[in-house]
Amino acid sequence: MPRVCTVCVHPDREAIDAALVGGIAVPALSREYGLSEDALTRHRSRHLPAAMLKARAANEATLAADLLAKVAALEADAKRLGAQAEKAGDLRTALGAVRELVRIVELLAKLRGELDERPQVNILVSAQWQNIRRTLLVALEPYPQARAAVSESLLELELAT
Ligand SMILES: [Zn+2]
């Protein structure tokens, strides 16, 4: 039963798409444009990715890619600084870099989640996160103090979400 997507045929479709790409929440758009949240959510997951591939939406796609590239650069920085600090025996700074990486990984997952247009994913309960968490703690086994501190801040992070 093919139904016409009320978002696709909306006169402000481009603005709505841009807002969705920009991460504006569905309920806010629903109020602003008088569209149902269901229609917006459906449009976002089924039609928006295809629309983003079109040349007309090149700007939005570039924006999304830029954002991911920026976060990837941050990730590389944190890794590099962490390795430097570890080499210099500065565990406190190395630990800071690990914390930063945790945040970056979380941010990246959130961004990718947004771009995949899945409904809000809580990364902290995902299998991928559990894997990262385990890997971090195993890697820190030779440094019990650092491990305890990381473990504690991971718990904080998880409880705060
Ligand atoms: Zn649509």
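Good morning, colleagues. Read from the N terminus, the elements of this protein follow the order α-α-α-α-α-α-α-α. In total there are eight helices and zero strands. Please bear in mind that what we are viewing is a predicted model.

I shall therefore turn to confidence, in terms of pLDDT. The average for the protein is 79, and 83% of the residues score at least 70. Confidence is highest in helix 2, residues 26-33, with a mean of 95. Helix 4, residues 48-53, has the lowest mean, at 71.

Next, the overall packing. The protein has 161 residues, of which 12% count as buried. Among contacts with a separation of 6 or more, 53% are between residues 24 or more positions apart.

Let us now look at helix 1, which spans residues 13-21. Which of its residues are buried? They are Ile16, Asp17, Leu20 and Val21. Viewed down the helix axis, these buried residues fall within an arc of 135 degrees, so they line one face of helix 1. Just after this helix comes Gly23, which adopts a positive phi of about 85 degrees.

Thank you for your attention.

Key. Residues are numbered from 1 along each chain as its sequence is written. This is a predicted model: local features need pLDDT of at least 70, side-chain atom pairs count only at pLDDT 80 or more; totals for chains, interfaces and linings use all residues. A residue is buried if 20 or more other C-beta atoms lie within 10 Å of its own, exposed if 12 or fewer, and partly exposed in between; C-beta atoms are placed from the backbone. Helices (H or I, at least four residues) and strands (E, at least two) are DSSP runs, numbered from the N terminus. The arc is that of the directions from the helix axis to the C-beta atoms. Two residues are in contact if their C-beta atoms, placed from the backbone, lie within 7 Å. pLDDT is the predictor's confidence in each residue, from 0 to 100.
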